[in-house]
Amino acid sequence: MQDTELLQYVHETAEMGIQSLKSLEGRVRDQGLRQALARQTEEYRDISAAAGALLREFGAEPKDPGLMARVSSEVMSTVKSLADPSASNIAEMVIQGSTMGITKGTRHLNDYTGNNSQVRRLAEKLLRTEEANVAQMKQYL
């Protein structure tokens, strides 16, 4: 895996995080959870912007997540949160999404054959963010 491929992954993953958290926004009743999700959204925005800037430096355009991934995520979030809008259920959904991000992010970092320290650090930042999100959500279970 080369620089632009890893950066595209980072950008798309951060964008999916933003979209997923935004889809839950109106259903969150717990003020603490609402604030935690807002902070997570901002962290994803920072990562997405940094990945986009690096991609442009490499002469590539950032790609958004595919339509099917976005729609699937939105529908799943809506169905699960309508059935059970509790803080515990929403936290569980965030944990599941972040855990998937941890797994895929670790795999992509292990497959990365480039040697650009900025690219690696940004991918590692995304991974640390996903791990922090899981830890933060545990208090709401």
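This short talk goes through the salt bridges of the structure shown above. Please keep in mind that the structure is a predicted model.

Let me begin with the general idea. Side chains that carry opposite charges can pair when their charged atoms come close. In this model, the count comes to three salt bridges, and I shall take them in turn.

The pair of K22 and E25 forms a salt bridge in which the closest N and O atoms are 2.9 Å apart. K22 has a relative accessible area of 35% and is partly exposed. E25 also counts as partly exposed, at 41% relative accessibility.

Next, I turn to helix α2, which covers residues 31-57. Within this helix, E42 and R45 lie three residues apart, about one turn of the helix. Their side chains form a salt bridge, with 2.6 Å between the closest N and O atoms. E42 is partly exposed, with a relative accessible area of 40%, and R45 is partly exposed at 34%.

The remaining pair is E43 with K125, where the closest N and O atoms of the salt bridge are 3.9 Å apart. E43 lies in helix α2 and K125 in helix α5, residues 117-137, so this pair ties together parts that are 82 residues apart in sequence. As for accessibility, E43 counts as partly exposed at 27%. K125, with a relative accessible area of 30%, is partly exposed as well.

Conventions:
Residues numbered from 1 in each chain as written. Predicted model: local features only at pLDDT ≥ 70, side-chain atom pairs only at ≥ 80, totals over all residues. Heavy atoms only, no water. Salt bridge = Lys/Arg side-chain N within 4 Å of Asp/Glu carboxyl O. Buried < 20%, exposed > 50% of the residue type's maximum accessible area, 1.4 Å probe, protein only. Helix = DSSP H or I, 4+ residues; strand = E, 2+ residues; numbered from the N terminus.
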